Amino acid sequence: MSISTSALASEEPSAANAALGTKSLGAESLAPQHTRIMGRGSYFLAWFGGCVSIGTFAMGSSVVGTLNLLQATLAIAIGCFVIGIALAINGAAGYKYGIPFMVQARSAFGFTGTRIPGLVRALPAVVWYGFQSWIGAGALNMVSATLFGFDNLVFYFITFQFLQIGLSVMGFQGIKWLENIGSAFILGSLMYMFYATVQRYGDELSTSLFTMEGSWGMPFWSATMLFLGIYSTMMLNVSDYSREHKKGTGKGLLTTIYAMSILPCTLFMGLIGYMVSEATGTADPIQVFANAVDNTPLLMITLLFIAFAQVTTNVLNNVVPPTYVLMDVFKIKFPIATVIVGLLAFATFPWKLVQPGSAAGLQMFVQTYSAFLGPIFAILVVDYYIIRRRTLDISKLYDPTGPYQGVNKAALIATAVGIVAALSFSTVSWYASLIPAGVTYYLLMKHWAPCQRFTQ
C-alpha cells in the first residue's frame, strides 16, 4: 500500500523505529500503525487494567431499589457482552489498517466533519479524567491523613494529576507495561474488597437484596445500558487501541478478549457499589471502603488500589482519545497534546461529581452522552461494513483535498436523527439511537446526490 501525500508524511512515525520493529516512548501519530506492540495476552491485560472505572460504583448504586441482586448481576453481564461485540465490530478498521478513530471517521464524516465525533468523544473522556483523578487523590489523601496526619486533598489532586500527565506522555509503550503489571494487583484488590463488603454487610444484604421482586422490564434494560454506557465512549474510538494489537486474532476471539477483560472489574465494582449503597446509603467509593474495612493495613491497600486504578484507566481510556483529537485538529505532537488534556481535566470541577447526590447525576450524564455516541457508532459501522464493504482507500483518508474533504451532510443528518430517537427514550438512549441513525445514513448515502463523492 503506497501513501505519498504530504498530509500523511507529516504524520508518519520515525522510519528508523519502524524498520527496527520498535516504537519510541510517546511516538504515537495518526499515520497507519506499522509497529504493533501488544500481543493477545498484553492486549487483554491492557483492557482489564484500563476499565476499572470508579463510576461503576455509582452506576451500581443507582439501580438500588429498582433491581434485585440477580437482576443487577445479569444487567452487568449483558452490558459487558454487548460491549465486547461492539468493540470487535467497530475496532475492525483500526485492526486491519492500523488507523486511529479520527482517521477512520473521515470516510463517514469528512475531514472537517470528523471534528464533531471527535469532540463528542473527547468531552466525556476529559470529564471522567477529572472525576477519576479526584477520586484517586481522595484515596491518597485518606492514606496520608491516616498514616502521617497530613490532610490536604487539593495538594494530592494537583500532584496526582501531574503524575498521570507524566505517565501519559510515554504513550502506548508506557500504557502497555503499566496495565500489564497492574492487572494482578487490581484483580486481587477487587476480590478482597468484594469479600470485605459481603463480610461487613452480609446480614443486612440477605434480608433485602434477595427477597426484593425487582423488575425484568424497561428498568432492567435501562440498567444494562448504564453499565454499557460507561464504555460507550471506547466503542467509538476502539480503533485507537486495536491498531496496537498484533495481527492474527480472529473476530470471535477478539470479542471474547474485550468482553472477558471488561466483565470482572465491572461485575465486582458494580455489585460492590450496589450492595454497600443498599446497606449504608452512601455512593462515595472512598467512604464505602472506609466503612467496609476495619483493619487499617488492609484499608490502606484498598485505598491505594483505588488510586492506582484511576491511573490505569485514565492513561488508556481518558487521555488517548482527546489527545488524538487535538493532534488531528491542531497538528500538534502526542506528548504536548497529552499535557493539554491533563490540564483541561482540572477545569471539569470533579469535586462537584462526588457529592451525596452524585450517583443520580452521573447516571444522567451517562444517559445523555450515550445519546450522542450511539448514532456515531451506528454510522461508523454502516459506513465500514455496508457502504465500504470493509475496504478503505487509505491514501484518500489522508488526502485533505480528496473525496473526503469537507463535511458529509448525510452523517450529520443521521447523527441528529439518532440523537432525537435517543433522547425520546433516554433510559435506553444508546440502544434507541442505533437503527434510526444507521438506516438514515445508509439511505442518504445511497440516494442523496450531494453524498456521492463520499462513496468513492
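Is Arg389 buried or exposed, and what is its relative accessible area? The legends below take up this residue after an overview of the predicted model.

**View 1. Overall make-up of the predicted chain.** The secondary structure of the chain comprises 23 helices and 0 strands. Of its 456 residues, 59% count as buried, and the chain exposes about 17100 Å², of which carbon and sulfur atoms supply 68%. Among the contacts that join residues at least 6 apart in sequence, 86% are between residues at least 24 apart.

**View 2. Arg389 in the loop between α20 and α21.** Arg389 is exposed, because its relative accessible area of 65% lies over the 50% cut-off for that class. The phi angle of Arg389 is near 55°, which is a positive value in a residue other than glycine.

**View 3. Arg390 and a positive surface patch.** Arg390 lies in the loop that runs between α20 (358–387) and α21 (394–397). With a relative accessibility of 39%, Arg390 counts as partly exposed, because this class covers values between 20% and 50%. Together with Lys96, Lys247 and Lys251, Arg390 forms a positive surface patch.

**View 4. Lys331 in the loop between α18 and α19.** Lys331 is placed in the loop between α18 (320–330) and α19 (334–344), and its phi angle, near 55°, is a positive value in a residue other than glycine. The relative accessible area of Lys331 is 58%, so this residue is exposed.

Conventions:
Residues numbered from 1 in each chain as written. Predicted model: local features only at pLDDT ≥ 70, side-chain atom pairs only at ≥ 80, totals over all residues. Heavy atoms only, no water. Helix = DSSP H or I, 4+ residues; strand = E, 2+ residues; numbered from the N terminus. Buried < 20%, exposed > 50% of the residue type's maximum accessible area, 1.4 Å probe, protein only. Contact = heavy atoms within 4.5 Å. Areas by Shrake-Rupley, 256 points an atom, 1.4 Å probe, with all protein chains shown as cover. Patch = residues over 30% accessible without salt bridge, like charges linked within 9 Å, V, L, I, M, F, W, Y side chains within 5 Å. Salt bridge = Lys/Arg side-chain N within 4 Å of Asp/Glu carboxyl O. Lys, Arg positive; Asp, Glu negative; His and termini not counted. Charge placed at Lys NZ, Arg CZ, Asp CG, Glu CD.
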